[in-house]
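Here is a friendly briefing to read with the model open beside you.

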Amino acid sequence: MQERYLFNEIEPKWQKRWLEQKVDKTEENPNKQKFYALAMFPYPSGNLHMGHVRNYSIVDVIARFKRMQGFNVLHPIGWDAFGLPAENAAIKNQTPPAEWTWENIANMKRQLQEMGISYDWDREIATCHPDYYKWTQWIFLELFKHGLAYKKKAAVNWCPSCATVLANEQVVEGHCERCDAAVTKKDLEQWFFKITAYSEQLLNDLEKLDGWPEKVKTMQRNWIGRSEGTLATFKVEGTDDPIPVFTTRVDTIYGVSYVVLAPEHPLVAKLVQGTEYEQDVFSFVKKMQGLNELARTSAEVEKEGMFIGHYCINPLSGAKVPIWIANYVLLDYGTGAVMGVPGHDERDFAFASKYNLPIIRVILDPAIPLEDKDLPMTEAYVDDGIMVNSAEFDGLDNRDAWEKMATKLEQLKLGERQVNYRLRDWLISRQRYWGAPIPIIYCEKCGIVPVPEEQLPVKLPGDIVFKTGENPLVSSESFVNTTCPQCGGSAKRETDTMDTFMCSSWYFLRYCDPHNSSEAFARDKVDYWMNVDQYVGGVEHAILHLLYSRFFTKVFRDFGYLQVDEPFQNLLTQGMVCMDGSKMSKSKGNVVSPEEIIQKYGADTARLFIVFAAPPDRDLEWSDQGVEGCYRFLNRVWRLVAQYQSTFSQNIPAEEFQDLDAEAKKMRWHTHSTIQKVTNDIATRFNFNTAISSIMELVNALYLYKEKDNVKQAVAREGIEAVLKLLAPFAPHITEELWSEIGHKESIHKQAWPEVDESALIQEEVTIILQVNGKLRDRIQVPVDVSAEELEKLVLSSEKVKNYLEGKTVVKVVKVPKKLVNIVVK
RNA sequence: GCCGAAGUGGCGGAAUUGGCAGACGCGUCGGUCUCAAAAACCGAUGUCCUAACAGACGUGCCGGUUCGACCCCGGCCUUCGGCACCA
């Protein structure tokens with residue numbers, strides 16, 4: 001056996017062997033319990049970064065651990081391969097996006113293999129491959145068939161820099177999630193998925209997700225944004241046009257002093273047409289439309305509005321209130337109209353103060369005497385109280401009035417109770433080339449015609465030219481011109497492609513059946529593998545990817561293609577990899593390349609450090625010295641085995657653990673309590689850092705044991721083998737090498753996870769902590785089965801304890817078995 | 001503003017059910033080996049006080065519950081993340 005740990009020899013050797021022998025291939029054995037371990041698949045940017053290394057190391061530890069525990073593990077990988085960077089590279093280098101992408105995939109695949117991650121490469125998928133996007137298109141058609149995909153003209157988010165539209169979820173504080181450019185609005189006809197049809201389910205089923213971080217569930221709840229309220233219909237005076245208004249505070253309806261419409265509200269143009277207000281209103285609306293998303297929706301923006309010359313009637317009080325338009329009312333939330341109640345809403349208070357609109361108190365703060373109810377208000381009162389200035393409802397508790405008012409509106413047929421969501425339908429069209437084409441044909445005679453299933457995939461053409469700011473598909477005549485599948489006449493193809501989030505919203509299903517050429521996935525395969533037992537990835541996908549995937553899963557369930565309600569049983573959101581306190585990123589220049597680390601220390605060291613440095617869900621601070629420490633530890637393991645190995649006799653002695661001396665017993669206790677702790681740390685808490693700590697402690701103990709007289713080979717060997725097996729999921733190469741060095745023929749990764757020998761954990765003596773008034777004063781060794789009286793005698797005979805009892809009276813003695821005795825004195 | 005998470009040595013982090021605060025690793029210091037160094041091995045390492053033994057203090061701050069609190073409760077402070085004119 002080599003004296004030195006030569007990682008650069010052993011790592012490639014085993015990687016080659018594992019690939020050739022397909023040791024990580026998933027066996028579909030229905031007699032074994034399945035376990036689906038999944039990391040969020042990467043975008044093939046060309047190189048792995050530390051965030052990937054962390055993500056894939058974590059999942060690999062789980063997958064390898066579960067395999068050793070006897071589970072049938074599915075641990076696949078693939079590529080989220082459509083997207084803008086490929087097109088930008090095409091413009092910059094004049095390389096076709098496909099070529100650029102496949103080269104990147106090849107490089108990253110090599111890097112993943114050098115990490116020693118145990119993927120079943122036979123299940124590798126790439127979303128840009130026609131065999132995959134054929135089924136992405138098929139899914140579009142399924143949604144279309146069921147009325148869940150539809151086209152509509154709407155004011156949509158437009159990123160001028162990416163030259164494409166964006167879903168609401170992709171707009172972050174008014175900026176493009178990808179390139180950070182300010183997003184504007186554009187009126188375009190686009191394809192949407194009716195995710196809002198699932199709002200209620202997407203919200204309610206969050207409760208089933210016990211294995212998800214509370215943080216992510218809260219983010220999804222906020223995004224879905226359910227609010228209960230009342231729809232109240234104000235009617236325009238003179239024309240009787242209804243203005244439905246959604247309010248969550250119908251109890252304040254007698255306090256309405258104006259109604260505000262969104263500037264783009266269709267009623268606005270109708271009402272002002274031909275009036276003296278027309279010009280001013282028109283220029284105000286124009287100004288609003290010119291503003292970008294941020295300038296329009298930020299809370300800091302000054303509220304601006306104007307009267308449009310009409311009044312409407314309050315459905316309960318009958319009062320006549322002016323109709324305004326204002327920047328803060330959004331057309332696509334609720335009904336695009338709100339009632340202004342300055343007395344009981346802070347925003348309305350500010351608006352009314354600015355424009356001198358009346359402020360009416362309708363709920364009285366219980367701290368204010370009734371006779372002061374008509375004093376001017378200096379701020380909005382938003383809490384509960386007693387109704388005033390509200391006709392028949394005066395004197396009621398506002399919560400009671402609330403119900404009565406809603407009921408009365410319903411009786412008058414001027415309103416109803418309603419639930420509103422913030423969630424909007426998912427805009428999936430993209431004006432880009434490198435995505436899955438939307439399988440739709442426009443025929444002058446037949447209109448919108450779906451591409452027949454047997455004609456899928458609609459392939460991306462190759463005869464195209466890339467220019468900045470233009471979708472090359474539009475200019476590809478071979479692509480655009482086609483024949484109508486219905487009438488056979490000439491027709492045009494849809495040139496928009498699908499949002500790449502669509503490709504990534506079902507990839508976990510394709511892994512279950514990756515080579516199926518007649519279906520997206522077979523029912524029996526997904527029923528066996530789904531759902532994902534453990535999903536791991538960055539929290540940046542908390543809304544987008546995770547919400548869309550949940551939506552698709554529910555849709556497929558309803559279409560009869562699978563049985564689960566939710567795709568991901570347990571979710572672990574890993575922390576960021578940081579250096580000098582901030583996230584590693586190219587733009588900050590604080591990156592460490594994984595390849596560099598692997599070259600210098602090997603993949604096992606890189607993997608070990610990244611799971612040892614912090615618990616997986618927390619941010620991790622990169623430390624070159626910490627890496628060095630892990631490398632030292634692996635060297636230490638190597639030498640330990642090498643040194644013991646020379647003492648092991650050729651014939652492995654029978655495991656004989658009777659009649660052991662105290663040192664041997666202690667050693668066995670170490671071995672088995674470590675097995676217990678590591679198993680528990682990995683299985684129930686994902687605390688890999690503490691698992692590795694205790695393996696380190698076991699290694700330290702074995703070093704010390706080696707120096708004892710009369711070392712029992714069986715005990716030492718048991719300890720060594722435990723170290724190797726426990727470490728195998730973290731550092732697969734070195735453990736495999738050492739495992740074969742100590743004489744095993746079969747891979748360590750095929751071994752069963754070590755079992756705890758309970759008899760080795762039995763201790764004859766325990767340390768008892770002695771406290772006086774809760775302060776530690778002494779510790780004593782006592783037999784485990786010591787009687788209460790004996791223990792008390794031992795405690796009181798402690799010199800240190802005696803000192804503290806002098807001149808005091810013992811009030812109470814608290815005993816915690818096998819742990820501690822606390823004497824309370826006065 | 002609202003919601004959530006976190007705050008422990010010089011650093012990363014432990015303490016699993018309210019019971020030894022600081023495991024393990026890094027760093028630092030000392031020792032062994034060596035002509036010397038590196039590596040390796042052994043040991044020390046929260047702060048204050050002390051020659052030492054001992055002792056006092058110590059988990060962001062203030063208070064509470066408890067025999068006993070990093071852990072539970074109330075009130076604050078700071079940092080990070082998310083949401084934010086949502087009617």
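In this predicted model, helix α22 gives the largest share of the surface near RNA strand B, with six residues.

**The surface around the RNA**

- RNA strand B is surrounded by 52 residues, and the closest are T247, K303, R347, K677 and N822.
- By class, the residues of this surface divide into 19 nonpolar, 16 polar and 17 charged.
- Sugar or phosphate accounts for 66% of the atoms of RNA strand B within 4 Å of the protein, and bases make up the rest.

**Side chains at phosphate oxygens**

- R636 places a polar side-chain atom 2.6 Å from a phosphate oxygen of RNA strand B.
- Y804 has a polar side-chain atom 3.1 Å from a phosphate oxygen of RNA strand B.

**Domains**

- Chain A is assigned four domains: domain 1 (137-194 + 425-501), domain 2 (227-420), domain 3 (624-761) and domain 4 (765-825).
- Between the C-alpha centres of domain 2 and domain 3 there are 72 Å.

**Nonpolar cores**

- The largest nonpolar core holds 186 residues, of which F140, W426, W622 and F730 touch the most other members.
- Leaving out residues up to four places away in sequence, F730 touches V61, R607, L608, V611, I682, F688, A691, I692 and I695.

**A closer look at Q751**

- You will find Q751 in the loop between α24 (732-741) and α25 (758-761).
- Is Q751 buried or exposed? Its relative accessibility is 17%, so Q751 counts as buried, given that the cut-off for buried is under 20%.
- The side chains of Q751 and E746 are joined by a polar contact of 3.1 Å.
- Q751 touches M68, K725, W739 and E746, when residues up to four places away in sequence are not counted.

Definitions and conventions
Residues numbered from 1 in each chain as written. Chains lettered and ligands numbered in written order. Predicted model: local features only at pLDDT ≥ 70, side-chain atom pairs only at ≥ 80, totals over all residues. Heavy atoms only, no water. Domains from an automatic or database assignment. Core = buried A, V, L, I, M, F, W, Y, C linked by side-chain atoms within 4.5 Å. Buried < 20%, exposed > 50% of the residue type's maximum accessible area, 1.4 Å probe, protein only. Contact = heavy atoms within 4.5 Å. Near = heavy atom within 4 Å. Polar contact = N/O pair within 3.5 Å; in protein donor to acceptor, adjacent residues only side chain to side chain. Helix = DSSP H or I, 4+ residues; strand = E, 2+ residues; numbered from the N terminus. Nonpolar A, V, L, I, M, F, W, Y, C, P; charged D, E, K, R; others polar.
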